[in-house]
Amino acid sequence: QSGAWMQSLLVELRQPEKRVMQAPAALTNVQLRPYQLTGLKWLDSLTSLGLGACLADDMGLGKTLQVIALLLHQKQTGAPKIPSLLILPASLLSNWASELARFAPSLKVTFLHAAYLAPDAITPALCQSQDLIITTYSTLLRQSWLQAQAWHCVILDEAQAIKNPTAKKTKA
């Protein structure tokens with residue numbers, strides 16, 4: 001039988017809606033829907049344990065917003081002072097840029113992609129004092145230092161891009 005700590009942890013993981021937590025104060029221009037707040041609580045529970053998660057909601061239900069809220073919450077509650085890494089297809093760069101500008105202007109974000117920076121300007125120094133580094137799956141392959149960098153969280157958008165376990169992109 002599990003002890004009291006493990007029982008409370010299991011309840012928190014199985015019923016994240018019972019976790020006492022508010023949407024981060026720095027989240028602007030939006031109010032989280034109840035299911036998004038539950039998703040935020042669940043993501044925060046798992047990441048606080050060093051575990052991964054997969055948000056597989058239907059399109060349009062606010063997965064991006066839940067991740068932004070998680071990043072803001074972690075910053076607000078004193079997360080480690082190293083950035084998180086978001087890896088995505090290049091087609092989503094502008095969407096993330098507009099969502100972050102709209103809902104989380106207080107996050108310090110750097111886009112490591114040729115559409116935003118000259119390729120020779122993409123260096124480890126850009127990661128200093130940032131909350132979030134955003135790059136693409138293909139840039140990750142070309143910038144091997146990204147794989148050696150320490151990250152608070154690693155977030156994969158459109159993670160089906162790495163479903164082939166033998167592909168270079170997946171291994172990176």
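## Cores, a ring pair and a buried lysine

Of the 26 residues in the largest nonpolar core, the ones touching the most other members are Leu27, Ile68, Leu86, Leu88, Trp96, Leu100 and Ile134. A nonpolar core here is a set of buried Ala, Val, Leu, Ile, Met, Phe, Trp, Tyr and Cys residues joined through side-chain atoms within 4.5 Å. H3 supplies the largest share of this core, seven residues. A second, separate core has eleven residues, including Leu85, Ile87, Leu112 and Trp151.

This is a predicted model: local features need pLDDT of at least 70, side-chain atom pairs count only at pLDDT 80 or more, and totals for chains, interfaces and linings use all residues. Residues are numbered from 1 along each chain as its sequence is written, and side-chain values use heavy atoms, with hydrogens and water left out.

Back to Ile68: skipping neighbours within four places in sequence, Ile68 is in contact (heavy atoms within 4.5 Å) with Leu27, Trp96, Glu99, Leu100, Phe103 and Ala104.

Now the rings. The whole structure holds one aromatic pair. Phe111 and Tyr116 have ring centres 4.5 Å apart and planes at 15°, so they're stacked. Rings of Phe, Tyr and Trp (its six-membered ring) pair if their centres lie within 6.5 Å, and planes under 30 degrees apart count as stacked, over 60 as edge-to-face and the rest as tilted.

For accessibility, buried means under 20% relative accessible area, exposed over 50%, and partly exposed in between (1.4 Å probe, protein chains only).

| Residue | Relative accessible area | Class |
|---|---|---|
| Lys41 | 8% | buried |
| Phe111 | 12% | buried |
| Tyr116 | 38% | partly exposed |

Not counting residues up to four places away in sequence, Lys41 touches Pro16, Glu17, Arg19 and Met21.

Methods
Helices (H or I, at least four residues) and strands (E, at least two) are DSSP runs, numbered from the N terminus.
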